[in-house]
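Me: Please walk me through this fold. Keep it brisk.

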Amino acid sequence: MTHKPAPPRVETVAGGRAHAAVKKPWYGSVPGLRIFLSPTEAIPPVLTGEEDEAAADQVGPTARPVDVPPFSRPGSVLRASPGAAARGWYAPKLAGAPTTTRQAEILNTGIIGAPTGIEGVVNGTDNLSSTMISHDAPTAYNASPRKLTSPNVLIIGTVGSGKSSFTKTVMVMRPLLLKNHRAVVFDKKDEGGEGEYAALTRRMGTEPLRFDPDGTGTRFNLMDPLIAQGTGLQGQMLLINAVARIARDDTAATEWEEKATRHALQLLFDKFQDTRRAATTTDLMPYLGMVPTDQGLSGEASERFHQAGLSIRFGLQNLLETYAGVFDGETSRHVDLSHKLTTFDISQLPDSGPAIPTVMAIGNMWLMGRLHQERGFITNVIYEEGWHMIGGPSAQLVKSNQKLSRSLGISNVFVMHKGTDIPADSPGYTVVQEAQTVYAFRQDRPEDARWAQETFNFAPDTTATLMGLNPGNCVFKYGSNPETHIRHIRSDWEIEVTNTDSAMAAGDTPT
Ligand SMILES: Nc1ncnc2c1ncn2[C@@H]1O[C@H](COP(=O)(O)OP(=O)(O)O)[C@@H](O)[C@H]1O
Ligand SMILES: [Mg+2]
């Protein structure tokens, strides 16, 4: 099929067939004056039949007015005298700009907008705009309208990248200046025999609550009455399950074991209803393994029920025996939130094994109950080495308590090296994904940098940026705003309190 070439548009405008009906002014047909014709609405030629099916598709079934394309204007008559041109008459006197004004506008955007407002806490400066970055997750969460859907914060970065210095200033010291803000820290890093937050805690006017494996320090009761007050029997159940799982080398409780635990708890609560003393883990032990008599269990099922209870009992007993004085007995009296800063110093507990995640898990649940009694505060809860909390069995606690903890004004801050340790299908991964504020410090391994880029939807080239960040520099993202690269800036006394150089000089490695 052959197509006739479409008639040039200029004809259409200047009097093609579509305009035959419109009366032209008299000068419309005078060659020199035609340029004064006002640009009229051009009606595209009505294409018929095989004339141009494709063009007809584009135009649509009904012809409608279109703008006059500039190239179809008649324009002025070109000056084309070779003699004048040779003498330079037509050439511009000045060399033109290399681009047009319209194109150049984009190069001069004037001011690059500040990525955040001025509310919350000063974090540092934006590397691109040199403006101040100010952000505080709970403040943004409580703003109306809400700027975030979760007040939780994630801080990742390799050893020595500046996470702890940042956390101490931006998550602890500075927010404490705000009204009704306080902080609770699980201080994991040993620095000369005590936690790295010890000096800071003393500056704030209180002593860290020290946990010692030899049992001379602070004690946390797995069965603390505040736990059930805050989260109910269900919360107490969850905690025992999580701790039993931690104590049994990450072996999850079976359905039978859960049932046996619930039964034991009910018996214990009935017994301790009216007593003055709080129930302890030791009190729970004899009930684990008791078989309900009112459920018509067969002999075999009773035996299985009994064994399931015993299995949890032995797991917990191991924990109590290994850390007698840490989890055995009532919670120490000095465990309270009476100060703006409460530091649980867990730096002396062994790195591996169940003690650290267990203290974090009990602490998390205890806080729910404690804050239940005292509303109106915003509490930043900092988990240094937060992997212990969201990389293992305790993550389920955090996940189940998300809603409650938000309503109690808790902002969980998880500080850890990298995210690749958290299995993608675990409750911990959900917690990570739900954190709406992310500070990513240097990542040494490409797979860790890529994990951060993919998980938080950073720009693709941020993967390379993450691997080249200097200490104190990080990629920051909140909500669905684009990420910014920020430099954390500390005052002199903040440097003094946060630096871990003393430990490094003493041969310790910062973590
Ligand atoms: N904002 C900063 N500017 C310059 N140096 C910093 C900054 N933050 C941290 N550093 C340096 O990095 C060192 C390690 O910081 P630290 O917070 O302990 O890292 P991490 O907790 O990631 O291991 C600090 O002792 C300090 O010398
Ligand atoms: Mg650290």
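Reply: An open sheet of 11 strands runs in the order β2-β1-β13-β12-β11-β3-β10-β9-β4-β8-β7, with mixed pairing. Strands (E, at least two residues) and helices (H or I, at least four) are DSSP runs numbered from the N terminus. Two strands pair if DSSP finds at least two bridges between them. The model is predicted: local features need pLDDT of at least 70, side-chain atom pairs count only at pLDDT 80 or more, and totals for chains, interfaces and linings use all residues. Residues are numbered from 1 along each chain as its sequence is written, chains are lettered from A and ligands numbered from 1 in written order, and side-chain values use heavy atoms, without hydrogens or water.

Me: Which residue in β10 is the bridge partner of I156?

Reply: Strand β3 covers residues 153–156, and β10 covers 410–416. They pair in the parallel sense over 4 bridges. The partner of I156 is M416.

Me: Is S352 buried or exposed?

Reply: S352 lies in the loop between β8 (341–345) and α12 (355–372). Buried means under 20% relative accessible area, exposed over 50%, and partly exposed in between (1.4 Å probe, protein chains only). S352 has 58% relative accessibility, so this residue counts as exposed.

Me: What separates the C-alpha atoms of S352 and H388?

Reply: Along the chain, S352 and H388 are 36 residues apart. Their C-alpha separation is 9.8 Å.

Me: What percentage of the chain's residues count as buried?

Reply: The chain has 20 helices and 13 strands. Of its 511 residues, the buried share is 46%.
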